[in-house]
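Hi,

Here is the structure I promised to pass on.

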Amino acid sequence: MHKLLLFFIVSSISFAQVIDCKINVNADLVDQTNSQIFETLEQELNEFVSSTKWVDIRAEDYNKINCTMLITIQNYNNNEFQANLQIQSSRPVFGSTYETPLLNRKDDDFNFNYQEFESLNFNPNSTNTSLVSLISYYVYVTLGIDADSFSLNGGDAYFNQARKIVDLSQSNRFSGWKQSEKRTNRYWLIDQLSTNPFSLFRQAIYDYHLNGLDVMSSQPEAGKQAIAKSVSDLKTLSDSRPNSLVAQLFFDAKADEIVQIFSGGPSFDTSQLVDDLNRVAPFFTAKWSQIQ
């Protein structure tokens, strides 16, 4: 049994390196007689993500990370797009057919230049176009969080690449890349994902998934204990770093799932868990009240 579990863990670390991302472009808010440019944009973005070699490991289709990006165009003029992005990703849970959400983030500053049929190519070591930088940044954030869910700090290489994209985008005239801007932007997200003061977030991601969800099929009580510990770690993080962006990121993805986990199965004393949840994520108090 231990050998089988070890094989799954090692295999998971390997297969978690390839992303299968579907990108949709919604231009319903834009008054345009010709929608062709938006259709071309969607097609070329999907081709860009699927054809770019983001990592060195290949995997079969059924082993890929599931990801969706919805780009909502709010304004378009002279090849300049004002938009927002909703990105979601998930990964499979061991011993089940269930896919657990990993990332659910909205970026309201997803603005870029794009000329129809322009070439989209990512160079990891130099400045890229605003659109290529935006998409590549979120691909690496997605890869990093996924890798962290299988191996403690397993996402280092991906987060480092996302940080490099931020560094190379400091001269970008579009907002969202700079330290001096709002503290929920891309600069601050990768800062919190990859620096020591927020390391408890990455510990929580690892415990919640590998020690929690992935053992639920065989050891549901142990799985619940690991998940409760991950929430406790996030509460500790919140005590030292109030209103952290990564804590919000975690519960935006996990709130409904946590309620489901602790609303059934073997008996579990949820009093401390609910107290921790209300302290670290008071914006979901109505959900936490459903946990019995």
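**What I found**

Asn243 counts as exposed, at 78% relative accessibility (exposed means over 50% relative accessible area, buried under 20%, partly exposed in between, with a 1.4 Å probe and protein chains only). Its place is the loop between helix H7 (220–240) and helix H8 (245–261), and its phi is near 60°, a positive value in a residue other than glycine.

Before you go further: this is a predicted model, where local features need pLDDT of at least 70, side-chain atom pairs count only at pLDDT 80 or more, and totals for chains, interfaces and linings use all residues. Residues are numbered from 1 along each chain as its sequence is written, and side-chain values use heavy atoms, without hydrogens and water.

Asn78 also has a positive phi, near 55°. Look for Asn78 in the loop between strand S2 (65–77) and strand S3 (80–92); Asn78 is exposed too, with a relative accessible area of 66%.

Helix H3 (residues 130–148) is another story: 19 of its 19 residues are buried, so H3 is largely enclosed by the rest of the structure.

As for the whole protein, there are ten helices and five strands (DSSP runs numbered from the N terminus: H or I of at least four residues for helices, E of at least two for strands). Buried residues make up 52% of the 292. The C-alpha atoms fill a box of roughly 60 × 40 × 35 Å along the principal axes.

Cheers
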